[in-house]
Amino acid sequence: MPLRVRLTLWYGTALAVILIVFGGALYATLAHGLRDQIDRSLEETAAVAVRALEQHRVGPFLPFEDLAAEFPELAVLDKSFQIFSPAGKVTIQSPNLGRKDIPLSRTALGAALNGHTTLESARFGDESPVRLLSMPILFNGTLVNIVQVGTSLRPVEELLRRLLLVLLVSLPAALAAALGGGWFLAGRALRPVEAITLAAGRIAAGD
């Protein structure tokens, strides 16, 4: 195999590995950052909900509108809001859920009974997955309510899908352009070597 071809192949392979690692790291970092941002937002909204419930000493007949009137942070369009009893039954639900049924998982219920907050992702039917935070409300060490705040992961999935499409199109194009440049530079760099090789061949032939 000609030296120029070998140099270009080695260069192309190394560059391809670098581009793949860079693209994968970029995708993973962005995905992790977006999910962390969502989790922090859910934690902040849940904390507001807990303050509202503790102030109102919430019962099963308190309308969601009464809470949202004093705590407008709860009436956000991109988040759902539910209150569960210690048995896992819905007592309050935000209107933006509509007819969606988002039950409290066994994992979240078990963690709440032990006084722990749960973050989990779930998919219901054909809809986009949702990120859910379930936070217990304790009174004298006894579980009285479970606050659940959720948001759709669809915007994150769409953003990551667009990024993946950009990477799948741009990385091969960048690799092809770099290989073309590498082929040209290898030819320029090896031109004196080719001249020496030709001269050595002529000398060996007796010229």
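Mentor: Gladly; the questions below set values against the terms used for them.

Trainee: What kind of model is it, and how many helices and strands are there in the protein?

Mentor: It is a predicted model. There are four helices and five strands, and from the N terminus on they run α-α-β-β-α-β-β-β-α.

Trainee: How do you know that the span of helix H4 agrees with its number of residues?

Mentor: Helix H4 covers residues 154-204, which is 51 residues. At 1.5 Å a residue they should span 75 Å, and the end C-alpha atoms are 72 Å apart, so the two values agree.

Trainee: Where is the kink in H4?

Mentor: At Leu 190, shortly before the proline Pro 192, with an angle of about 40°. Leu 190 is also one of the buried residues of H4, which include Leu 160, Leu 163 and Leu 167. Just after the helix, Gly 206 takes a positive phi of about 100°.

Trainee: Why is Arg 161 called exposed?

Mentor: Arg 161 has 52% relative accessibility. The cut-off for exposed is over 50%, so Arg 161 counts as exposed. Its place is in helix H4, and its C-alpha atom is separated by 9.8 Å from that of Tyr 27, 134 residues apart along the chain.

Trainee: What share of the protein is buried?

Mentor: Buried residues make up 34% of the 207 residues; the label needs under 20% relative accessible area.

Trainee: What makes S1 and S2 count as paired strands?

Mentor: Pairing needs at least two bridges. Three bridges join S1 to strand S2 (residues 90-93), so the pair qualifies, and the two run antiparallel. As an example, the bridge partner of Ile 83 is Ile 92 in S2. The hairpin has five residues between the strands, and in it Gly 88 takes a positive phi near 90°.

Trainee: Which residues lie nearest the centre of the largest pocket?

Mentor: Leu 97, Lys 100, Ile 102, Val 130 and Ser 152, out of 17 lining residues. Strands S1 (79-84), S4 (130-139) and S5 (142-152) each give two or more residues to that lining, and S5 gives the most, with three. The volume of this pocket is about 330 Å³.

Trainee: How is the lining of the largest pocket divided by class?

Mentor: It has six nonpolar, six polar and five charged residues.

Terms used:
Residues numbered from 1 in each chain as written. Predicted model: local features only at pLDDT ≥ 70, side-chain atom pairs only at ≥ 80, totals over all residues. Heavy atoms only, no water. Expected span 1.5 Å × (residues − 1). Bend = angle between axes of the 7 residues up to and from the residue. Buried < 20%, exposed > 50% of the residue type's maximum accessible area, 1.4 Å probe, protein only. 1 Å grid on protein atoms, 1.4 Å probe; cavity = no way out; pocket = protein on both sides within 12 Å on 5 of 7 lines; lining within 4 Å. Points joined across faces, edges and corners; volume = space filled by probe spheres on them. Nonpolar A, V, L, I, M, F, W, Y, C, P; charged D, E, K, R; others polar.
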